[in-house]
Amino acid sequence: MSAATTRSRTPDRLCAEAVDLARSAAEEAAAPGVVGEHASLVSEGDRVVTHFFECKELGYRGWRWAVTVARASRAKVVTLDEVVLLPGPDALLAPEWVPWSERLRPGDLGPGDLLPTDAEDLRLEPGYTGEDEPGPNSPFSEEMAELAEAEDADVTATAPANLPAAPSRGSIAAVAEELGMRRARVLSRYGLHVAADRWEESYGAKTPMAQAAPASCVTCGFLAPIGGSLGQAFGVCANEFSPADGRVVSLTYGCGGHSEAAVMPKPPRPAPPVIDETRVDPFPLRPAPDSGSVSVGADGDSGELGHS
């Protein structure tokens with residue numbers, strides 16, 4: 001351990017004795033009567049000491065007034081650095097602030113509420129953003145426009161000049177709009193997986209309802225299929241008596257409201273036992289004489305072992 005480290009841990013004598021200076025500074029910064037007893041002091045460095053005073057202000061239980069004083073090298077006058085109110089080890093603190101985007105839970109949005117989506121949201125990716133590009137032989141292509149400009153061709157305000165760059169019907173934009181690709185952003189692969197995991201957890205094969213169901217939703221007539229890649233594993237329940245009515249359910253989910261629950265074949269049951277009542281099995285009340293481990297003589301005596 002170096003000498004500088006040792007000096008920084010040992011409080012300066014003059015700074016440590018400046019308790020009255022620290023108290024007056026704390027009372028000047030705080031409200032009257034809220035500065036309590038001197039609690040402790042700590043050395044912040046060479047000739048720098050922080051004095052701690054108890055805080056008696058309501059609502060600040062465990063907080064302390066921290067007054068830092070210092071002294072210049074070879075000087076005998078202690079000066080004031082700063083006065084702050086700091087929480088102690090047993091202070092009552094507010095919970096850590098969490099951004100609203102992390103506090104939001106499903107179902108928190110109400111009528112009129114707006115939920116802005118982050119530009120870097122991993123659940124989304126750019127959708128179709130291209131413009132219609134006519135073919136190279138089209139009279140509206142860029143090549144033809146450049147050729148006309150090179151030949152100093154004048155385009156008058158006639159009907160052809162007012163036509164759009166490409167016909168709207170049959171254009172790339174029209175086809176993209178029909179396929180639902182004109183959105184600025186669409187679900188990314190990550191967004192699809194997150195949604196699938198969330199739906200599978202709520203209405204999937206591992207739920208208690210599905211475990212007790214007679215069959216899965218893939219064979220139910222109330223299942224409304226959905227398009228896209230998610231349609232291979234999910235659908236929408238349209239049974240008003242089902243607990244998942246109007247919900248996106250997994251094809252492996254199921255409930256008691258299955259459309260074929262009443263006509264499903266019953267599971268096989270073992271055949272009842274067959275009892276033959278026409279046959280009588282003899283049941284002797286006493287064992288036979290020759291059934292023991294010792295043979296019986298002609299006179300009926302048992303022999304040396306004393307069996308009768």
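Analyst: Buried means under 20% relative accessible area, exposed over 50% and partly exposed in between, with a 1.4 Å probe and protein chains only. The model is predicted, so local features need pLDDT of at least 70 and side-chain atom pairs count only at pLDDT 80 or more, while totals for chains, interfaces and linings use all residues. Residues are numbered from 1 along each chain as its sequence is written, and side-chain values use heavy atoms, with hydrogens and water left out.

User: Is Trp63 buried or exposed, and what is its relative accessible area?

Analyst: The cut-off for buried is under 20%. Trp63 falls under that cut-off and is therefore buried, with a relative accessible area of 19%.

User: Which geometry do the rings of Tyr60 and Trp63 have?

Analyst: Rings of Phe, Tyr and Trp (its six-membered ring) pair if their centres lie within 6.5 Å, and planes under 30 degrees apart count as stacked, over 60 as edge-to-face and the rest as tilted. The centres of Tyr60 and Trp63 are 5.3 Å apart and their planes stand at 85°, so the pair is edge-to-face.

User: Is Tyr253, which forms an aromatic pair with Tyr203, buried or exposed?

Analyst: The pair of Tyr203 and Tyr253 is edge-to-face, at 5.5 Å centre to centre and 85° between the planes. Tyr203 counts as buried at 17% relative accessibility. With a relative accessible area of 4%, Tyr253 is buried.
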